[in-house]
Amino acid sequence: ESWRGAGRGIDSLVCISLGDGIGAGVVLGGKLYRGAQHAAGEIGYIIPSERFLGQSYDGYGCLEGLAGSTGIVQRTAARLTAGAVSALVTQSEPQTPPLTAPLVLAAARAGDPVACAVVEETVDYLSIAIANLACILDPQRIVVSGELAEFGDLFIDPIRARLHGLLPTAPDIVLSEL
């Protein structure tokens with residue numbers, strides 16, 4: 001993104017990849033920042049609320065366990081198991097397709113109430129992470145990429161709205177061009 005995409009000409013950039021995991025590439029002063037332990041950008045381990053302290057996330061960080069593909073599917077499945085009514089489960093079809101994050105996000109795009117509720121929670125988690133990144137790094141731009149970026153219309157504007165007026169200086173938040 002920094003060389004050929006939405007970050008061209010930007011000296012201070014964070015590129016967030018949303019998928020099964022959540023990670024980021026950090027460019028500061030035009031150079032990739034790796035950190036002391038080469039772990040800069042491991043934003044999947046951000047803790048979006050005090051209620052998640054002291055918990056363990058098998059193989060994932062807290063943020064990616066909530067807002068990554070697996071978290072989206074697990075939170076949707078929990079609602080469906082609790083009896084929420086959704087087009088994601090149809091009684092008339094003997095074989096319901098396996099639940100996937102793209103399936104949930106497509107259902108949210110179509111207005112399904114369960115999927116929309118999960119997307120709202122996901123936007124909240126991502127907004128907290130992006131606000132923290134913005135306050136710590138003060139990047140000029142944050143680029144959202146990864147396998148879930150095709151559903152960026154569900155994330156970008158709501159994140160911008162949640163951050164509006166919240167930060168002293170808000171970065172430009174855009175979708176990947178690549």
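Guide: Contact here means heavy atoms within 4.5 Å, while helices (H or I, at least four residues) and strands (E, at least two) are DSSP runs, numbered from the N terminus. The model is predicted, so that local features need pLDDT of at least 70 and side-chain atom pairs count only at pLDDT 80 or more, whereas totals for chains, interfaces and linings use all residues. Residues are numbered from 1 along each chain as its sequence is written, and side-chain values use heavy atoms, with hydrogens and water left out.

Visitor: Which residues of α2 meet which residues of α3?
Guide: The two helices in question are α2, residues 69-81, and α3, residues 101-109. The residues of their contact divide into 5 nonpolar, 2 polar and no charged, where Ala, Val, Leu, Ile, Met, Phe, Trp, Tyr, Cys and Pro count as nonpolar, Asp, Glu, Lys and Arg as charged, and the others, Gly among them, as polar. On the side of α2 they are Ser69, Ile72, Val73 and Thr76, and on the side of α3 they are Ala101, Val104 and Leu105.

Visitor: At what angle do α2 and α3 pack, and how far apart are their axes?
Guide: Two packed helices are described by the angle between their axes and the distance between the axes. Axes are lines fitted to C-alpha atoms, for helices over the stretch in contact, and angles run from 0 to 180 degrees between N-to-C directions. For α2 and α3 the angle is about 65° and the axes are 8 Å apart.

Visitor: Is the crossing of α2 past α3 left-handed or right-handed?
Guide: A crossing is left-handed if the near helix is turned anticlockwise from the far one by less than a right angle, and right-handed if clockwise. By that rule, the way α2 passes α3 is left-handed.

Visitor: What span does α2 reach from its first C-alpha to its last?
Guide: The expected span of a helix is 1.5 Å times one less than its number of residues. With 13 residues, α2 has an expected span of 18 Å, and its reach from first to last C-alpha is close to that, at 18 Å.

Visitor: Which elements cover the buried residues of α2?
Guide: Buried means under 20% relative accessible area, exposed over 50%, and partly exposed in between (1.4 Å probe, protein chains only). The buried residues of α2 are Ser69, Gly71, Ile72, Arg75, Thr76 and Leu80. Their cover includes α1 (62-67), α3 and α4 (113-137).

Visitor: How many disulfides does the structure hold?
Guide: A disulfide is a pair of cysteine sulfur atoms within 2.5 Å. For cysteine 15, which is buried at 17% relative accessibility, the closest cysteine sulfur is that of cysteine 135, and because the separation is 20 Å it is too far for a bond. The number of disulfides held by the structure is 0.

Visitor: Is histidine 38 buried or exposed?
Guide: Histidine 38 sits in the loop between β3 (31-33) and α1, and its phi is near 60°, a positive value in a residue other than glycine. Because its relative accessibility is 62%, histidine 38 counts as exposed.

Visitor: Where does aspartate 138, with its positive phi, lie?
Guide: Aspartate 138 is not a glycine, yet its phi is positive at about 50°. With a relative accessible area of 47%, aspartate 138 is partly exposed. Its place is the loop between α4 and β4 (141-145).

Visitor: Which residues does glutamate 64 touch, not counting residues up to four places away in sequence?
Guide: Glutamate 64 lies in helix α1 and is buried, with a relative accessible area of 8%. With that sequence limit applied, the residues touched by glutamate 64 are Asp20, Gly21, Ile22, Gly44, Tyr45, Gly59 and Gly71.
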